[in-house]
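Please read them with the structure open beside you.

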Amino acid sequence: GRLARLLQTEIITIDGTEVVEIFGEPSEEIVVRFEPMMMASLGRSAGFFAQQIEGALAEYPSGRIAGSASSMTLDVQRDSDSKQRIENLLITYGQRGESLPLASIADVRRQNTSPPAEIALIEGDPAVVLGVMVNDDRRVDEWSARLDELLSAFRTDYGVEVSVKTL
């Protein structure tokens, strides 16, 4: 996802590029699973804690909450600090206003949304695909040569992390 957006930004700078769209990029969510023993020891339910999390997220809009008795899912719409910010939310539990960071009573983790909203497949394997349109008034062979240079540099910088193919 991150590298696809970076490559998209690079390709759009090539003179003659009209549009660059990303397909098959996995969306992410943050899953909060409460520790049942911890909730019982604090005398509170997952719903009680969910209300506090929802209230905190209202201050920093980052998504929606869905869940069950012992877990909830937060659809992430912010940057990489979301998980850490959610882990550090102070959860109030006692009559005297005692509080704990959420991470001390729940497992907070980032994962790809399941099922995914969209899937791109290349030769049967999941992939992230960039679709590119070039202006009609440009010679595609010249534009392609610039793209090849850009992709060569991108492979040099990120080849360990990602495979880049021209289709």
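1. A word on terms comes before the particulars: a residue is called buried if its relative accessible area is under 20%, exposed if that area is over 50%, and partly exposed in between, with a 1.4 Å probe and protein chains only. This is a predicted model, in which local features need pLDDT of at least 70 and side-chain atom pairs count only at pLDDT 80 or more, while totals for chains, interfaces and linings use all residues. Residues are numbered from 1 along each chain as its sequence is written, and side-chain values use heavy atoms, with hydrogens and water left out.

2. As for the overall make-up, the protein has 5 helices and 10 strands, where helices (H or I, at least four residues) and strands (E, at least two) are DSSP runs numbered from the N terminus. Of its 167 residues, 29% count as buried. If a contact is taken as heavy atoms within 4.5 Å, then residues 24 or more positions apart account for 66% of the contacts with a separation of 6 or more.

3. The next point concerns the nonpolar cores, a nonpolar core being a set of buried Ala, Val, Leu, Ile, Met, Phe, Trp, Tyr and Cys residues joined through side-chain atoms within 4.5 Å. The largest one has 17 residues, and those with the most contacts inside it are Val 32, Phe 34, Phe 49, Ile 53, Ile 86, Leu 102 and Ile 105. At least two residues of this core come from each of strand E2 (28-34), helix H2 (36-42), helix H3 (46-59) and strand E7 (106-112), and the largest share, 5 residues, is that of H3. Another core, of 12 residues, lies apart from it and has Leu 7, Ile 14, Trp 143 and Leu 147 among its members. In soluble globular proteins, nonpolar side chains tend to be buried together.

4. Which residues of helix H5 are buried? They are Trp 143, Leu 147, Leu 150, Leu 151 and Phe 154, and they line one face of the helix, because seen down the axis of H5 they fall within an arc of 105° (the arc being that of the directions from the helix axis to the C-beta atoms). On the other side of H5, Glu 149 and Thr 156 are exposed. The helix itself, residues 140-158, has 19 residues and reaches 26 Å from its first C-alpha to its last, close to the 27 Å expected at 1.5 Å a residue, the expected span being 1.5 Å times one less than the number of residues.

5. Helix H1 (2-12), strand E1 (17-23) and strand E10 (129-134) are included in what covers the buried residues of H5. In H1, the buried residues are Leu 3, Ala 4, Leu 7 and Ile 11, and since these fall within an arc of 100° when seen down the axis of H1, they line one face of that helix. Their cover includes E1, E10 and H5.

6. The aromatic side chains deserve a separate look. Rings of Phe, Tyr and Trp (its six-membered ring) pair if their centres lie within 6.5 Å, with planes under 30 degrees apart counted as stacked, over 60 as edge-to-face and the rest as tilted. The structure holds 3 aromatic pairs. One of them joins Phe 34 and Phe 49, which are stacked at 5.8 Å centre to centre with 25° between the planes; as Phe 34 lies in strand E2 and Phe 49 in helix H3, this pair ties together parts that are 15 residues apart in sequence. Both Phe 34 and Phe 49 are buried. The rings of Phe 48 and Phe 49 have centres 5.5 Å apart and planes at 75°, so this pair is edge-to-face.

7. Phe 34, Phe 48 and Phe 49 form one aromatic cluster. Phe 49 has 0% relative accessibility, whereas Phe 48 is partly exposed, with a relative accessible area of 25%. The charged end of Arg 44 sits over the ring of Phe 48, 4.3 Å from its centre, a description that requires NZ of Lys or CZ of Arg within 6 Å of the ring centre and within 35 degrees of the ring normal.

8. Two backbone details are worth checking. The peptide bond from Ser 114 to Pro 115 is cis, with omega near 0°, and Pro 115 lies in the loop between E7 and strand E8 (120-122). Glu 123, in the loop between E8 and strand E9 (125-127), has a phi near 50°, a positive value in a residue other than glycine, and is exposed, with a relative accessible area of 75%.
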